4 protein chains.
Amino acid sequence: MRNNLREAVIFAGETMASRDIQNERSDNKFILTRVGVTDVKKPVRVRRPDRATTLTVDLDVFVDLPSSMKGSHMSRNLEAIGEIVDSSVRQPVAGLEDLSLMICRKLLERHEYASYSEARASAYYFLEKETPLGTKSLERFKLVARAEARSGEQPGTKKSIGVEVVGMTTCPCAMETISGSTSGLKVEQAITHNQRNKTFVMMDVPEGMTVEADDLVHIVERSMSSPTYEILKREDEAELVRRAHSNPRFVEDVVRGVLAHILEEFKDLPDWVQVQVKSESEESIHKHNAFAERVTTLGELRG
Amino acid sequence: MRNNLREAVIFAGETMASRDIQNERSDNKFILTRVGVTDVKKPVRVRRPDRATTLTVDLDVFVDLPSSMKGSHMSRNLEAIGEIVDSSVRQPVAGLEDLSLMICRKLLERHEYASYSEARASAYYFLEKETPLGTKSLERFKLVARAEARSGEQPGTKKSIGVEVVGMTTCPCAMETISGSTSGLKVEQAITHNQRNKTFVMMDVPEGMTVEADDLVHIVERSMSSPTYEILKREDEAELVRRAHSNPRFVEDVVRGVLAHILEEFKDLPDWVQVQVKSESEESIHKHNAFAERVTTLGELRG
Amino acid sequence: MRNNLREAVIFAGETMASRDIQNERSDNKFILTRVGVTDVKKPVRVRRPDRATTLTVDLDVFVDLPSSMKGSHMSRNLEAIGEIVDSSVRQPVAGLEDLSLMICRKLLERHEYASYSEARASAYYFLEKETPLGTKSLERFKLVARAEARSGEQPGTKKSIGVEVVGMTTCPCAMETISGSTSGLKVEQAITHNQRNKTFVMMDVPEGMTVEADDLVHIVERSMSSPTYEILKREDEAELVRRAHSNPRFVEDVVRGVLAHILEEFKDLPDWVQVQVKSESEESIHKHNAFAERVTTLGELRG
Amino acid sequence: MRNNLREAVIFAGETMASRDIQNERSDNKFILTRVGVTDVKKPVRVRRPDRATTLTVDLDVFVDLPSSMKGSHMSRNLEAIGEIVDSSVRQPVAGLEDLSLMICRKLLERHEYASYSEARASAYYFLEKETPLGTKSLERFKLVARAEARSGEQPGTKKSIGVEVVGMTTCPCAMETISGSTSGLKVEQAITHNQRNKTFVMMDVPEGMTVEADDLVHIVERSMSSPTYEILKREDEAELVRRAHSNPRFVEDVVRGVLAHILEEFKDLPDWVQVQVKSESEESIHKHNAFAERVTTLGELRG
């Protein structure tokens, strides 16, 4: 879209050099928090334990803009993305959070006027899971990553990885009411309503440390009433329903469950690590959704 | 966007009359099935039993284009919509299907080269419903309407009205498996899984006859395991869960239930009336949805 | 969905009082930042200069949850919304930010365990605008509002109003390159590419003061290359194109323009007022979008 | 979700065999047009000229249901999909239309009561393209495929392949008006407005013949005012703008251009081949979109 002076071509017969309109002094002096491109799609090679796979990744990338620059050089964002993605063909990236951070570093190199860069990435990926009765099932999950880099007086980088997991919650409240009104019925035998639940968890990943997306998926699935599966033959389906009813969960319970598992699993991570957990149950008895969220740090959680 | 010759303004000092580029002969001679505008939004006054209300309506409108015309006059579509919508302020329309048909007629008037016009409209609207224990609850539904008009040798018009209803389905299969494996358990006491279900029904409305959207909503709600409500206090929630478990429904059952109710309720409508019913259950035990559909006529259904 | 003990009904023959499962001690002791409901839709009566109108409003509402509570009483959220919306039938609300704040206050009343409440509202609304050549045109805009209320040691409330405006940006850079390479061509006569642009601005509204959504719309439209209109006959279209080419704008310029206008127009607002402006140009020469954003306070802007 | 009798497990102590609820006689006798699953996601290996790649594919699959069956065996749909997708790991499929047809055949095998099956697939894929000045650019396109299979008296299959392409259209009308009002200005030098355009084309692929998605992409790109590219340095951007202004196109022109190219390129395809072309320009001077569509057969076009 817009490039800098060094790339300007002077045409024969042209008496005036092409102005570099982005480098001109801005009329109004406001800095901008983020300038960049959104809804970029790229095929990215990602390393998996056994082999590499190609994910279709959505990317948004930004840098800040000083008040002295009229515009950012937008095409440099695509060049930065392109270089990193191209190199993934030869050397698959370890994860979307690493991809994001590599792009952030490249952004700061290319936008010499910027002191901050940010990249967000998301993609569907697939994990082999096992149904209650032990059948293999390939399940989909959404990966979400984010990174930022800062130059200047306090240089540094930050990266985070997250997942969105679709699972099932079973309402404890209706179960209580109904078992309470039926003599001799154990609570877990009581009928109730259940929901498709979408839970998202995202965490900072300190430099030199690793947080596996697969582990986050596992943590979320253990915090729901039950994971969900593509293929459930009759007895598998019944077993899943029984388990989900033995483990009724409010949307609040899911978030708290994820937080508890995170505390347990990531004892080595420092206190400053930010954690966001949100869970939404698409209610079957209402047209609206139930929602719960915690935004915090490991330090606060360890309290 | 584009207008006809009569509207062209001749500028002072201009030696050449402005060409009417849409009226020019098309280089290639293909007729077009639909040319028009999509994603138009309008506030429309609609008549309700007690009073008028304003709906925020999404509109798509089209006419056909003969091979002799290079382009359609796009701004005429907005003029046609505008006139009809404006007149709804003074005289609220009876329903979105009538609005759509009025727009279709106006489209044929304004596009003198067209022999076909089509309008599609949709909007959320609200109905007061009663929960199982009798509390009033204002529930949302989606109205969908469509109309077409033809001039030429076989002139005529057609209009259809439809609704999308969100409700609840309870799985009969898991219920059977689980009750079958538990001695002394009545089927309707067996636990199972349930889903948020979205069911859509649309029907032609012959001239001079009426199909009320409210009646279609009622038909769909009776065909699900249970309607859903905004506010359900504890006992209302338990009662809804009990009723939904007494009335387990596959997504196929919902579609067939709607078809059966339609046959019963609309005995006066002619055989040629087209009917579409589709139902989607957003599964709580899977990440995908279950789906069923019937596209037919009243004549075929009456078989 | 879930209600408190006072609402529990004791059944005949029941030996154990129905437990209030939400009031029970949570197994794990985490507080939650937000618990509530999302995707609630309501018809809301809003006051306009001349008359009242009905908007179809999307609502998300939340309260915080102390560690001592197992769950939030979800149905109270719908009761709080319902009461405020119902009263709007008799007394139309002044705006969505006021609606949101009224709901926040009601939420704190009803959730006696909560110390924080939050409401978000959005809806399409319509304003009569004038095309370059003076024709009236009813244009759509999106209203976005947010409010929060706090009880406890530092009680207080906050509300914000925002708008999303669709308009047009014309690229200054291609225009420069092309005029620079064509002798005798004035810059504003040079061809270039232009974009559908979506710009969002949101601001805090201090108690006792007013920020009109209509004014925010006007500020955004003045900051783009041109507003857009539903109906543009040929000469209006040409005039709009000429004006947009006389006023080329990067997405960065749009954000800065909005910031400059805000400084000018809202001199009376205090320094602590938060301002978010973001602008996205859906590029016609790329498949991705260009984006710019500033998140700041009036104090920082006044610098 | 639901399986057939052969898969039912008899529990110890159970006196009554588990009923196969899907095979039971339906209370109401309506056949269903489509019963199946929607929003299934799968990683599929697809053959490309040089190598195989993995696409993230969205799938909807259906069979018809006779009136004698209460329900369809939903889990068989996932088994059918799973088998075909799994085998693509060893032997990459030739394209999404072939994948869809293989799934359709498997669906008829597995649902012995069905006489019709249908599969729809879509995915993003990437092609290397060249900018006006010859730089390589990896561009994204959306693949859309559909297949159906019929058993019974008139057995047969059908498959179709389509693409959605994002490109650019430049308005011929404003260009005419503006050049007409400026003495000495050539039309292609006149300023105008342009749009992000999304064009979709889909065609039947007769058995034993091939329609390459890449060719459809090329046909659409040649029918727009210009293709779009990720990275455009200054002179490339100017050149693209010049070309787009030398080739102004209404949305109607795009559809007709695609139809003309199809006639030229696919002379060997039979008359019965169905063709759908639709094009939507996201207007920069309006908030709504302009739309054109032709639904036809090669025979009619050759007319």
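Which residues in helix 3 of chain A are buried? In this predicted model, the buried residues of that helix are P172(A), C173(A), A174(A), M175(A), E176(A), T177(A), I178(A), S179(A) and G180(A). Helix 3 of chain A spans residues 172-180, and because nine of its nine residues are buried, the helix is largely enclosed by the rest of the structure. Part of the cover comes from another chain: what lies over the buried residues of helix 3 of chain A includes helix 5 (234-246) of chain B.

Helix 3 (residues 172-180) of chain D is mostly covered, with nine of its nine residues buried. These are P172(D), C173(D), A174(D), M175(D), E176(D), T177(D), I178(D), S179(D) and G180(D). For chain D, the buried residues of helix 3 pack against helix 5 (234-246) of chain C.

Two packed helices are described by the angle between their axes and the distance between the axes. Helix 5 (residues 234-246) of chain A and helix 3 (residues 172-180) of chain B pack at about 85 degrees, and their axes are 9 Å apart. An angle from 65 to 115 degrees counts as roughly perpendicular, and therefore helix 5 of chain A and helix 3 of chain B are roughly perpendicular to each other. On the side of chain A, helix 5 contributes R234(A), E237(A), A238(A) and V241(A) to the contact, while helix 3 of chain B contributes A174(B), T177(B) and I178(B). Sorted by class, this contact of helix 5 of chain A with helix 3 of chain B has four nonpolar, one polar and two charged residues.

Within chain B, another helix pair shows an oblique arrangement. Helix 4 (residues 213-223) of chain B and helix 6 (residues 251-265) of chain B have axes 8 Å apart and pack at an angle of about 135 degrees. That angle makes helix 4 of chain B oblique to helix 6 of chain B. The crossing of helix 4 and helix 6 of chain B is right-handed. From helix 4 of chain B, D215(B), I219(B), V220(B), R222(B) and S223(B) meet V254(B), G257(B), V258(B), H261(B), I262(B) and E265(B) of helix 6 of chain B. The residues of this contact between helix 4 and helix 6 of chain B divide into five nonpolar, three polar and three charged.

Chain C has a helix pair to set beside this one. The axes of helix 4 (residues 213-223) of chain C and helix 6 (residues 251-265) of chain C come within 8 Å and cross at roughly 135 degrees. Helix 4 of chain C is thus oblique to helix 6 of chain C. Their crossing, of helix 4 of chain C with helix 6 of chain C, is right-handed. Here D215(C), I219(C), V220(C), R222(C) and S223(C) in helix 4 of chain C meet V254(C), G257(C), V258(C), H261(C), I262(C) and E265(C) in helix 6 of chain C. By class, the contact of helix 4 with helix 6 of chain C consists of five nonpolar, three polar and three charged residues.

Also in chain C, K159(C) belongs to strand 5 (residues 156-170). K159(C) counts as buried because 24 other C-beta atoms lie within 10 Å, where the cut-off for burial is 20 or more. Leaving aside residues up to four places away in sequence, K159(C) touches E97(C), S100(C), L101(C), A147(C) and V205(C). K159(C) and M203(C) are 44 residues apart in sequence, and their C-alpha atoms are 8.5 Å apart in space.

D39(A) lies in strand 1 (residues 32-47) of chain A, and D39(A) has a positive phi of about 60 degrees although it is not a glycine. D39(A) counts as partly exposed because it has 15 C-beta neighbours inside 10 Å. In chain B, D39(B) is found in strand 1 (residues 32-47), and phi of D39(B) is near 60 degrees, a positive value in a residue other than glycine. D39(B), with 15 C-beta neighbours inside 10 Å, also counts as partly exposed.

Finally, the domains of chain A. Chain A is divided into domain 1 (1-118) and domain 2 (155-303). Six residues of domain 1 of chain A are in contact with six residues of domain 2 of chain A. On the side of domain 1 of chain A that touches domain 2 of chain A, the residues divide into three nonpolar, two polar and one charged.

Technical notes:
Residues are numbered from 1 along each chain as its sequence is written. Chains are lettered from A and ligands numbered from 1 in the order in which they are written. This is a predicted model: local features need pLDDT of at least 70, side-chain atom pairs count only at pLDDT 80 or more; totals for chains, interfaces and linings use all residues. Helices (H or I, at least four residues) and strands (E, at least two) are DSSP runs, numbered from the N terminus. A residue is buried if 20 or more other C-beta atoms lie within 10 Å of its own, exposed if 12 or fewer, and partly exposed in between; C-beta atoms are placed from the backbone. Axes are lines fitted to C-alpha atoms, for helices over the stretch in contact, and angles run from 0 to 180 degrees between N-to-C directions. Angles under 35 degrees count as roughly parallel, over 145 as roughly antiparallel, 65 to 115 as roughly perpendicular and the rest as oblique. Two residues are in contact if their C-beta atoms, placed from the backbone, lie within 7 Å. Ala, Val, Leu, Ile, Met, Phe, Trp, Tyr, Cys and Pro count as nonpolar, Asp, Glu, Lys and Arg as charged, and the others, Gly among them, as polar. Domain bounds come from an automatic or database domain assignment. A crossing is left-handed if the near helix is turned anticlockwise from the far one by less than a right angle, and right-handed if clockwise.
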